[in-house]
Amino acid sequence: MTVKECYDKINGDYDEIVSRLGNEERVVRFSKKFFITGDIEGLEKSIDDNDGNNSFEYAHRLKGNSLNIGFSHFSKTVESLVEPLRCREIKDPGAINVLFSVVKEEYINMKEVFDQLD
């Protein structure tokens with residue numbers, strides 16, 4: 001699978017990211033780096049620990065990093081989790097867990113797509 005096909009499959013901003021980073025090689029390097037940061041695992045653990053402050057930090061970082069690498073659809077998905085955590089408390093654990101499950105599922109699907117890069 002090509003880089004463009006990967007971005008198309010995840011509804012990413014391929015043309016914008018290639019333009020910003022200058023070439024596909026850099027896009028590949030940064031997109032692969034996105035999946036090894038440990039942010040999704042940190043977010044999951046902080047939610048499990050009912051740690052609103054760290055949950056917000058991880059979610060906000062995931063949102064920003066995904067936007068920076070052109071994963072615009074995923075960034076919007078993560079934003080739905082960032083906003084209820086903005087107060088840095090987990091006021092409704094059930095709702096946060098539902099939102100996180102959507103984020104995690106999309107993250108896993110994106111990773112599987114990028115694992116198919118030629």
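A crossing of two helices is left-handed if the near helix is turned anticlockwise from the far one by less than a right angle, and right-handed if clockwise. The crossing of helix 6 and helix 7 is left-handed. Helices (H or I, at least four residues) are DSSP runs, numbered from the N terminus.

This is a predicted model, in which local features need pLDDT of at least 70, side-chain atom pairs count only at pLDDT 80 or more, and totals for chains, interfaces and linings use all residues. Residues are numbered from 1 along each chain as its sequence is written, and side-chain values use heavy atoms, with hydrogens and water left out.

**Helix pairs**

Two packed helices are described by the angle between their axes and the distance between the axes. Axes are lines fitted to C-alpha atoms, for helices over the stretch in contact, and angles run from 0 to 180 degrees between N-to-C directions.

| Pair | Angle | Axis distance |
|---|---|---|
| Helix 4 (39–48) and helix 5 (52–68) | about 155° | 8 Å |
| Helix 6 (72–85) and helix 7 (93–114) | about 160° | 10 Å |
| Helix 2 and helix 3 | roughly 105° | within 8 Å |

Angles under 35 degrees count as roughly parallel, over 145 as roughly antiparallel, 65 to 115 as roughly perpendicular and the rest as oblique. Helix 6 and helix 7 are therefore roughly antiparallel. Helix 4 and helix 5 are roughly antiparallel too. Helix 2 is roughly perpendicular to helix 3.

**Contacts**

Contact means heavy atoms within 4.5 Å. For classes, Ala, Val, Leu, Ile, Met, Phe, Trp, Tyr, Cys and Pro count as nonpolar, Asp, Glu, Lys and Arg as charged, and the others, Gly among them, as polar.

Helix 2 meets helix 3 through Tyr14, Ile17, Val18 and Leu21, which face Glu24, Arg26, Val27 and Phe30. This contact has six nonpolar, no polar and two charged residues.

Helix 4 passes helix 5 in a left-handed crossing. The contact divides into six nonpolar, five polar and two charged residues.

Between helix 6 and helix 7, the contact includes Phe74 and Leu81 of helix 6 and Leu99 and Phe100 of helix 7. Its classes are twelve nonpolar, three polar and one charged.

**The largest pocket**

The largest pocket has a volume of about 160 Å³. Its lining residues include Leu21, Phe30, Phe34 and Asn65. Helix 2 (14–21), helix 3 (24–34) and helix 5 each give two or more residues to this lining. Helix 3 gives the most, with three residues. The lining divides into four nonpolar, three polar and two charged residues. A pocket is an open set of points on a 1 Å grid over the protein atoms alone, where a 1.4 Å probe fits, with protein on both sides within 12 Å along at least five of seven lines; lining residues have an atom within 4 Å of a point. Volume is the space filled by probe spheres set on the points.
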